[in-house]
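Thank you all for coming; please take a moment to look over the sequence and the model on the screen, and then I will walk you through a few of its parts.

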Amino acid sequence: MKKICGLFLLALSIWSCTPETNSSIQISIDPGLSAELSDGRLLLIFSKDGEQEPRFGISDNAETNQVFGMDFENYQAGETLSFDPNSFGYPMEKLSDLPEGEYYVQAFIQKYDTFKRADGHTVKLPMDQGEGRKWNIAPKNIYSTPQKITFAPGQKLSLTIDQIIPEIPQPEDTEYIKHIKMKSDLLSEFWGRDMYLGAHVLLPEGFEENPTAHYPLMIFHGHFPSDFGGFRTSPPDPDLGEDDYSARFGIYGYAKMQQQEAYDFYKKWTSADFKRFIIIEIQHANPYYDDSYAVNSENLGPYGDAITYELIPHIEKQFRGIGEGWARFLYGGSTGGWEALAAQVKYPEEYNGCFAACPDPIDFRAYMLVNIYEDENAYYEAGEFKKTLRPGHRDYLGNVDAYLIDMNHKELALGGDKSRSGDQMDVWQAVFSPVGADGYPQPIWDRYTGEINPQVAAYWRENYDLRHIMERDWETLGPKLEGKIHIYCGDMDNYYLNNAVYLTEEFLEQTQNPYYGGEVAYGDRAEHCWNGDPNLPNYITRLRYNTMYLDEIEDRLRAAAPPSFNQDNWTLIK
């Protein structure tokens with residue numbers, strides 16, 4: 001039997017890899033599922049509730065399932081994996097801490113691919129399989145059928161991995177929505193294999209009937225889209241009632257509301273007096289996350305250049321975009337909000353305005369509640385005699401349901417210490433950090449203890465702290481960004497993202513030669529992800545990104561477009 005080594009905790013931040021010679025937990029794999037398996041991460045997941053599979057119940061809050069994780073390499077078909085009982089877990093750190101009792105248990109393997117990158121590093125990472133880099137639904141990953149057990153520490157347990165996640169069907173083109181996939185030469189060179197970018201394209205009414213018309217381009221940044229969202233050509237499903245409940249928003253009937261908003265958008269989109277433009281939602285999932293953050297990165301590669309100089313011109317050529325910076329606009333919320341602002345700052349003349357809602361941290365003095373430049377530890381506010389945990393998530397009244405240490409330890413259990421969880425803290429680290437000696441992202445802080453690395457923080461500051469970059473380079477950036485920056489955030493953002501917006505606004509309002517000339521606005525008691533409308537609830541406005549900023553965009557077009565541009569219907573006369 002092959003002994004597979006896992007990560008386990010020796011001390012606060014010291015990890016080792018030691019064979020477990022007497023493991024009581026054995027994982028066998030159906031021979032039909034082991035042909036492509038070599039390296040990966042083995043997860044052992046426990047739940048109390050049998051209503052859903054354990055793999056779907058891991059979260060930051062108190063209702064989370066329990067997970068333990070260990071890496072393995074060089075698996076050979078027919079071997080049995082011995083689960084290391086010292087593998088790190090979340091929320092309980094050790095398997096021996098799990099109380100005796102009845103549980104549903106599931107073994108899960110996330111497969112790793114080997115990448116021989118152009119920077120000379122060879123790394124093992126989970127490749128996106130068309131699902132948006134979500135480990136628990138990624139095609140080709142394998143898992144066991146959940147099994148109900150009576151558990152006691154040290155007892156013998158045998159599980160068989162007998163299931164594989166199937167391929168995901170690709171969406172089909174429609175009259176209005178087209179789907180493209182293109183090989184990126186820049187990304188392929190970096191990763192040492194063919195890498196692709198995709199997009200869902202919403203075409204304007206009359207596109208086929210007006211073959212000489214050219215259109216402005218709206219780039220809706222955000223998480224991985226399986227298809228173009230929020231556009232529906234038929235009324236809401238009549239079978240949808242008012243009894244479905246949205247826990248996020250605390251309302252009933254939300255599915256029907258979403259379908260109604262999507263149908264209303266279609267009716268507006270096809271109306272005679274609506275502006276004519278192209279909207280795209282980009283697919284740029286990668287081995288670290290469901291999107292790349294749309295910037296160049298030492299660990300992810302040149303995604304900013306690939307999107308701006310390969311993908312967007314490709315779309316504009318194929319679908320008659322105008323193809324100039326004055327006719328491109330950026331918007332999005334959360335991750336998409338950061339991407340919109342970052343792309344505008346990094347490529348100031350390639351885009352004519354950004355609308356960044358509830359952006360991920362845009363000033364790292366407020367990286368959630370951490371000042372990475374001055375704080376010594378991310379998880380605690382420390383005094384001489386006391387340590388106070390830093391919150392990570394709250395509701396609009398300030399009630400805390402997760403601490404920063406919880407969120408990080410969850411990712412540590414799921415992905416280990418190489419930023420491979422596919423979750424939020426890991427991707428920030430992957431995008432913003434320099435490459436380490438082992439080829440993986442250098443940690444901004446010790447993932448177990450929270451101790452911050454000031455050298456890595458300094459690198460973050462100079463390359464990805466958007467407020468700092470604007471302030472540092474305003475003499476040259478300012479004239480290119482004048483009138484283009486619009487930022488919106490709730491003042492009770494669940495992740496405390498409003499704090500970084502406050503600091504950025506403070507700088508923007510002090511700008512001169514030129515004054516930034518944009519807008520920063522806050523939603524009263526509004527949670528994540530408020531996007532600028534003070535009169536409607538967030539659960540409605542979050543469905544209206546594609547129409548929310550058209551008045552401001554029209555102002556930008558009037559200021560920048562050439563005389564040949566038809567302001568009445570937003571088409572270029574040729």
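When I say that residues meet, or are in contact, I mean that they have heavy atoms within 4.5 Å. Please also keep in mind throughout that what we are looking at is a predicted model.

With that in hand, let us turn to two helices, α6, which covers residues 424-432, and α7, which covers residues 454-464. On the α6 side, Trp428, Gln429, Val431 and Phe432 take part, and they meet Tyr459, Trp460 and Tyr464 of α7. Sorted by class, this contact of α6 with α7 holds 6 nonpolar residues and 1 polar residue, with no charged ones. The two axes come within 10 Å and cross at roughly 75°, and α6 and α7 are therefore roughly perpendicular to each other.

Helix α6 also packs against helix α5, residues 404-415, where the axes come within 8 Å and cross at roughly 80°, which makes α5 roughly perpendicular to α6. Here Leu404, Met407, Asn408 and Glu411 from α5 meet Gln424, Met425 and Asp426 from α6, and the contact of α5 with α6 divides into 3 nonpolar, 2 polar and 2 charged residues.

Finally, what lines the second largest pocket? Its lining is made up of 24 residues, and those nearest its centre are Asp128, Gly130, Lys181, Tyr196 and Gln283. Strands β13 (177-183) and β14 (196-202) are the elements that each give two or more residues to this lining, with β14 supplying the largest share, 5 residues. By class, the lining of the second largest pocket has 11 nonpolar, 9 polar and 4 charged residues, and the space in this pocket comes to about 590 Å³.

Conventions
Residues numbered from 1 in each chain as written. Predicted model: local features only at pLDDT ≥ 70, side-chain atom pairs only at ≥ 80, totals over all residues. Heavy atoms only, no water. 1 Å grid on protein atoms, 1.4 Å probe; cavity = no way out; pocket = protein on both sides within 12 Å on 5 of 7 lines; lining within 4 Å. Points joined across faces, edges and corners; volume = space filled by probe spheres on them. Helix = DSSP H or I, 4+ residues; strand = E, 2+ residues; numbered from the N terminus. Nonpolar A, V, L, I, M, F, W, Y, C, P; charged D, E, K, R; others polar. Axes fitted to C-alpha atoms, helices over the stretch in contact; angles between N-to-C directions. Parallel < 35°, antiparallel > 145°, perpendicular 65-115°, else oblique.
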